[in-house]
Amino acid sequence: MEINPTLEELKTKNFLKILDEPADLKNWVRLYLGIELPFGWIDSDSNGSPGDAIWEAYKTYRDDLYITNPGYIWLSSRDGCKTLSGSILNVLLVLHFKAEIAHLAAVRKQAEKNLEYTTGFFRRIKPYLEAHGRKMVSDSKSKIQILNEDTTISFIDVIIANLAGGNSQRAT
C-alpha cells in the first residue's frame, strides 16, 4: 500500500529544487514566502515587473551566464519593489546555489529594509532550512550567514553603496 505524502512533506522535499521557469519562481515565492509575485507589465509605463527582474537574475546565476551578463541595474518607481525583489533573489541564491552575496543598497534605510525582509524570510522558512541540515547562524545589522549541511557558510552582506562601503573589507 502506497502512502501519499502530506503537503508539508512535499514542501520540504521541493524546497531546494532548482527553478526551471518563471511559473516555478512564482509558485515558490507564493508557497514559501507568502508573496504573490507580479509578472509581466504591471502598468502602462512599465516594461517589466518584480517577477521578471528576479527571474532574469536567477536564470543568469543558475546558467552561469554572469560572464556575458555580469549584472543588472533595476530601475523602477519609488514603490516598485526593488528592495523586496532583491531580498527574495538573495534568499533564493543562498538556498539554491549556496551563494556568497554582496548586496549594495543606495542608502542606510534601504540596507536596513533589505535585511529586515531577508531575515524575516529566513525565519519564515526556518523549518525547511533545518529539514535540509541548514541554519541561520548570524543575523547582524549588515550580514546574514547560513551554515549549510556541508559546513560551508553562505552569506548576504548588505553594503551601503558609498565610498566607505565600497572600500570596506567585506566588499572584496
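I take contact to mean heavy atoms within 4.5 Å. I keep in mind that this is a predicted model.

**Entry: Ile 88**

I started with Ile 88 and set aside its neighbours within four places in sequence. Ile 88 is then in contact with Val 29, Leu 33, Ile 35, Leu 37, Ile 54 and Phe 121.

**Entry: the core**

Next I looked up the largest nonpolar core, which has 36 residues. Ile 88 is among those with the most contacts inside this core, along with Trp 28, Phe 122 and Ile 125. I then asked which elements give two or more residues to the core. They are helix H2 (22-33), helix H3 (50-62), helix H4 (82-97), S1, H5, helix H6 (126-131), S3 and S4. H4 supplies the largest share, 8 residues. As background, I noted that nonpolar side chains tend to be buried together in soluble globular proteins.

**Entry: H4 against H5**

I turned to the pair H4 and H5. Their axes come within 9 Å and cross at roughly 45°. Angles under 35 degrees count as roughly parallel, and 65 to 115 as roughly perpendicular. H4 and H5 are therefore oblique to each other. Their crossing is right-handed. From H4, the residues making the contact include Thr 83, Leu 84, Ile 88, Val 91 and Leu 95. From H5, they include Gln 110, Lys 113, Tyr 117, Phe 121 and Phe 122.

**Entry: the sheet**

I asked in what order the strands of the sheet stand. The order is S1-S4-S3-S2, in an open sheet of 4 strands with mixed pairing. Why is one side of S1 and of S2 left without a neighbour in the sheet? Strand S1 (100-105) and S2 stand at the edges and have a single partner strand each, so one side of each lacks a neighbour there. On average, neighbouring strands of this sheet are turned by 15° against each other, direction ignored.

**Entry: S2 and S3**

Strand S2 (residues 135-139) and strand S3 (residues 143-147) run antiparallel and are joined by 4 bridges. A hairpin of 3 residues links S2 to S3. Asp 139 stands opposite Ile 144 in S3.

**Entry: H5 over the sheet**

Last, I checked where helix H5 (residues 108-124) lies. H5 lies across S1, S2, S3 and strand S4 (153-160). H5 runs at about 155° to S4.

Technical notes:
Residues numbered from 1 in each chain as written. Predicted model: local features only at pLDDT ≥ 70, side-chain atom pairs only at ≥ 80, totals over all residues. Heavy atoms only, no water. Pairing = 2+ DSSP bridges. Axes fitted to C-alpha atoms, helices over the stretch in contact; angles between N-to-C directions. Core = buried A, V, L, I, M, F, W, Y, C linked by side-chain atoms within 4.5 Å. Buried < 20%, exposed > 50% of the residue type's maximum accessible area, 1.4 Å probe, protein only. Parallel < 35°, antiparallel > 145°, perpendicular 65-115°, else oblique. Left-handed = near helix turned anticlockwise from the far one by under 90°.
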